[in-house]
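Visitor: I would like to learn how to read a few features of a protein model. Could we go through them one at a time?

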Amino acid sequence: MSIGETPARPRKKKKHTGRNIILSVVALIVIAGLVAGGYLWNLGRTFDSNSSKITDAFPAEETRPEVKEESKDAINILLLGTDTREVRSDETEEDEFATLPGGGRSDTMMLVHIPSDRKNVFVTSIMRDTWLDIPGVGTAKINRAFASGGVPKAVETLEGLFGIRINHVASIDFEGFKGMTDAVGGVTINNPIAFRPVHNKSYYFPEGEQKLNGEEALAFVRERKAFTGAGGSDYRRVKNQQLFVKAILGQILSKETLTSPAKIQGVVQEMAPYVAVDESLDATKVARIASSMLNIRSSDMEFFTLPNNGPGRSADGQSIVIPDMDTIEKFGEALQRDTVDQFVASTDLSK
């Protein structure tokens with residue numbers, strides 16, 4: 001099916017110092033798949049040499065929680081997604097709080113939890129307007145953490161919220177979606193809600209199954225202003241990003257891709273320039289994590305949004321997302337005990 005009604009203008013790639021997000025989980029899963037083909041070390045080094053590093057990604061040791069024995073072998077990764085597009089007329093002054101080192105903005109934030117048994121991956125989207133306690137700042141939107149203390153402050157905030165340590169931080173610029181999508185020959189999604197992007201009306205995404213190329217994928221994951229009504233625009237955008245990430249994982253982990261060294265090489269080469277990771281997440285560590293996840297497939301990944309009570313207003317009039325602290329506390333306990341599978345099975349996470 002043809003999605004674009006008119007060709008999109010080519011985008012120039014930029015150099016970024018603080019790249020970003022969700023597709024870092026794709027990086028780990030992709031490289032996991034490479035083990036079976038025998039190219040892991042070589043491609044791991046390719047990824048390592050072409051990606052950037054996030055320096056000083058973690059807060060002071062004395063501010064960090066203790067790791068419980070039950071979860072000492074689990075892995076928690078904070079994924080940050082930024083959008084460095086030039087046109088940002090849909091943003092408000094409040095979005096200045098989302099600025100990251102290097103000029104990008106944390107348009108998306110996810111906590112990836114890999115349990116000790118390596119049988120699943122749990123990906124929790126954290127709405128950027130979630131109203132939380134920011135250490136040293138007070139109650140504010142989670143994106144305010146970046147303005148007050150950069151990536152370490154965001155890590156400190158989430159570690160305090162969940163009572164767990166974040167082992168790694170990774171980020172990817174949305175531009176990375178484009179090259180990855182084209183590298184695997186396009187990605188098929190099942191779109192639940194038809195829409196036309198407000199700031200790029202040359203595209204239209206009908207309801208139902210359709211195959212996206214790289215430019216279409218960018219338009220699909222970026223859009224939020226096209227959505228109104230209950231739940232708000234950011235809610236639908238987060239759902240669409242989750243939908244797309246799971247779809248591209250399925251394509252990357254398909255037999256067609258994993259049996260094609262050229263496609264695998266293309267995915268890693270296209271993705272790496274847009275990715276930044278903390279200084280401890282080098283090729284060796286990626287290989288070690290990947291090697292423990294050989295049996296993971298996209299069907300083993302659970303995506304959900306951090307439990308919340310919907311949109312609201314702060315005392316000073318800001319538009320916020322109200323966290324469901326009772327359920328978040330249970331989620332934190334599940335992370336600490338490495339029982340997130342039980343939490344997901346027993347909790348309604350459809351909001």
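Visitor: Which residue caps the N-terminal end of H5?

Guide: A polar contact is a pair of N or O atoms within 3.5 Å; within protein, one must be able to donate a hydrogen and the other to accept it, and residues adjacent in sequence count only if both atoms are side-chain atoms. Here Asn213 is the cap, with a side-chain oxygen 3.2 Å from the backbone nitrogen of Glu215. This is a predicted model, in which local features need pLDDT of at least 70 and side-chain atom pairs count only at pLDDT 80 or more, while totals for chains, interfaces and linings use all residues. Residues are numbered from 1 along each chain as its sequence is written, and side-chain values use heavy atoms, with hydrogens and water left out.

Visitor: How many residues of Helix H5 are buried?

Guide: Buried means under 20% relative accessible area, exposed over 50%, partly exposed in between (1.4 Å probe, protein chains only). Helices are DSSP runs of H or I with at least four residues, strands are runs of E with at least two, and both are numbered from the N terminus. In H5 (residues 214-222), nine of nine residues are buried, including Glu215, Glu216 and Arg222.

Visitor: What is Phe220 in contact with?

Guide: Contact means heavy atoms within 4.5 Å. Leaving aside neighbours within four places in sequence, the partners of Phe220 include Ile189, Phe205, Leu243 and Phe244. A nonpolar core is a set of buried Ala, Val, Leu, Ile, Met, Phe, Trp, Tyr and Cys residues joined through side-chain atoms within 4.5 Å. The largest has 48 residues, and Phe220 and Phe244 are among those with the most contacts inside it. Helix H6 (residues 232-252) gives this core its largest share, six residues.

Visitor: At what angle do H4 and H8 pack?

Guide: Axes are lines fitted to C-alpha atoms, for helices over the stretch in contact, and angles run from 0 to 180 degrees between N-to-C directions. Angles under 35 degrees count as roughly parallel, over 145 as roughly antiparallel, 65 to 115 as roughly perpendicular and the rest as oblique. For H4 (residues 175-183) and H8 (residues 261-271) the angle is about 175°, with the axes 8 Å apart, so the two are roughly antiparallel. Gly179, Met180 and Ala183 in H4 meet residues of H8, among them Gly266 and Val267.

Visitor: Is Arg165 buried or exposed?

Guide: Arg165 counts as buried, because its relative accessibility is 18%. Arg165 sits in the loop between helix H3 (144-162) and strand S7 (168-173). A polar atom of the Arg165 side chain lies 2.7 Å from the backbone oxygen of Pro65.
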